[in-house]
Structure formats: structure tokens, C-alpha cells
Amino acid sequence: VIGSHGGGTPVVPAMAVLKDAPVLVHSGQGSVWSCASCHGEAGEGAGITPRLAGISEAYLLKQLEDFASGARLNESMQYVARGLQPADMKELASYYAKLPVPAIAVPSSDADLARGQALFQKGDWKQNVPACISCHGSQGEGVGAAFPPLAAQQADYLFSQLSAWKGGHRHNSPQTLMDDIASRLSYEDLYAVSYYAASLPANGKQAK
């Protein structure tokens, strides 16, 4: 049975999708370990390992391609992606895109959530920093292949990626947008906006 939220986005029951998971998700293949061994049984991620469930197929596919080509750096993911065929990448991206977003517990922190909310919703024009919602959607739900969801993503993962852009270790953002934005913010600001974004529910509602 396929239901939908008010906006008409299909919601596939978790077990129905997990039952038909590609072999690579839970068993791996050859020397390539399983996706679930790092990203969780339901694609929920943990810590600096991102949630994959419910992220657009186009975005996930691009990241796998970027890992394989070296455009995005991560030793583990480069190893995995280079062991995949294009058809494998597409199958995995399609699978994870269809998964419902699991409820993700945001760890307690001393992040300034009020500052995070201000950056997320309004930006900081004194520093020439646009609001996160101007690219990532009004609820942080993500937009197409270029702008992934921020809502209900792992907080530590968001902070690690913003820090990577600020430190010059990630470069696969369209038109270097994230490189420029992250470079203008302090690590305290990056931490604040990461934890605020992570606290938001995906599309206004999370799976229970």
C-alpha cells in the first residue's frame, strides 16, 4: 500500500522497501562492504555518517559519481564507489530515495539554536550569507540534484561537511556556492546551523 502526505509525495512503508533492497545494501558484493554496515538498516546514518533515506535519487547518484571520480573526497566512499558499476549506483540511489525518513534523535549540544535558526531562515547579509532556505527549500527539504535535504539529517554530518567546505576539503558544490558561504561563517555558526537544521522534521513529518 502506498500512501501520501498532503503534498502528494508517495510514502512507501519501510518494510516493503527494505524487503526488496538491492544485494549491496545489506550483503555487499565482493570486496565492497554493505551500505547498511555504515548507513544503518533503514538508511538513517549516525554521527558523521549521513542519512540516505528519502534523499533525491539525482543527488545521491551525483555524490556516488563524484566519489568515484575523485571530485568529492572520502577514502571509504571512494573505495566503495570505485567498486560499483553505473547500474549499481543508479539502483542504490533509487532505493534510498524511496525509503521513508526515519525519526532521527538530535544529540544534545551547546549549539546556539537561535543563531542557527536565524542563519537557516534569514541568513546574515552583513557577512553576505544567504538563508539556507533560499537553496535548500523552505523547510530544508532539499531541491533537486544540487541541494540536498538539511532537515532531519545527522547533525554531526552536517557540521563535518560545512567544516570541510570551510577548510577547503570539499569542492563539489554547484558554482562553489557552499565553499564561499562556509568560508564566511565561524565554526560556531556552522555548528549552530547544523544542529538547528537537524532538529527539523523532513517535509514537516517523520516516520515513526
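Is arginine 115 buried, partly exposed or exposed? Arginine 115 is partly exposed, because its relative accessible area is 22%. In this report, buried means under 20% relative accessible area, exposed means over 50%, and partly exposed lies in between (1.4 Å probe, protein chains only).

## Basis of the model

This is a predicted model, in which local features need pLDDT of at least 70 and side-chain atom pairs count only at pLDDT 80 or more, while totals for chains, interfaces and linings use all residues. Residues are numbered from 1 along each chain as its sequence is written, and side-chain values use heavy atoms, with hydrogens and water left out.

Helices (H or I, at least four residues) and strands (E, at least two) are DSSP runs, numbered from the N terminus.

## Salt bridges around arginine 115

The structure holds four salt bridges. A salt bridge is a side-chain nitrogen of Lys or Arg within 4 Å of a carboxyl oxygen of Asp or Glu. Arginine 115 forms one with aspartate 124, where the closest N and O atoms are 2.9 Å apart. Arginine 115 forms another with aspartate 189, again with the closest N and O atoms 2.9 Å apart. Arginine 115 lies in helix H7 (residues 113–121) and aspartate 189 in helix H11, so this pair ties together parts that are 74 residues apart in sequence.

Aspartate 124 is buried, with a relative accessible area of 14%. Aspartate 189 is buried as well, at 10%.

Aspartate 66 counts as buried at 11% relative accessibility, whereas lysine 62 is partly exposed at 29%.

## Packing of helices H9 and H11

Helix H9 (residues 155–166) packs with helix H11 (residues 187–198) at an angle of about 145°, and their axes are 8 Å apart. Axes are lines fitted to C-alpha atoms, for helices over the stretch in contact, and angles run from 0 to 180 degrees between N-to-C directions. H9 passes H11 in a right-handed crossing. A crossing is right-handed if the near helix is turned clockwise from the far one by less than a right angle, and left-handed if anticlockwise.

On the H9 side, the contact is made by Ala155, Asp156, Leu158, Phe159, Leu162, Ser163 and Lys166. On the H11 side, the residues include Tyr187, Leu190, Tyr191 and Val193. Contact means heavy atoms within 4.5 Å. By class, the contact of H9 with H11 has eleven nonpolar, two polar and two charged residues. Ala, Val, Leu, Ile, Met, Phe, Trp, Tyr, Cys and Pro count as nonpolar, Asp, Glu, Lys and Arg as charged, and the others, Gly among them, as polar.

## Leucine 24 and serine 34

Leucine 24 is found in helix H2, and serine 34 in the loop between helix H2 (23–26) and helix H3 (36–39). Leucine 24 counts as buried at 4% relative accessibility, and serine 34 counts as buried at 11%. These two residues are ten apart along the chain, and their C-alpha atoms are separated by 5.4 Å.

Leaving aside neighbours within four places in sequence, leucine 24 is in contact with Gln29, Val32, Ser34, Cys35, Leu84, Asp88 and Leu92.

## Alanine 103

Alanine 103 lies in the loop between helix H6 (86–98) and H7. Alanine 103 is exposed, with a relative accessible area of 52%. The C-alpha atoms of alanine 103 and proline 201 are separated by 7.9 Å, although the two residues are 98 apart along the chain.

## Cysteines

A disulfide is a covalent bond between the sulfur atoms of two cysteines. Here the term is applied to a pair of cysteine sulfur atoms within 2.5 Å. A search of the whole structure finds zero disulfides. The sulfur of cysteine 35 is 8.9 Å from the closest cysteine sulfur, in cysteine 38, which is too far for a bond. Cysteine 132 is in no disulfide either, as the nearest cysteine sulfur, that of cysteine 135, is 8.9 Å away.

Cysteine 35 is buried, with a relative accessible area of 16%, and cysteine 132 counts as buried at 19%.
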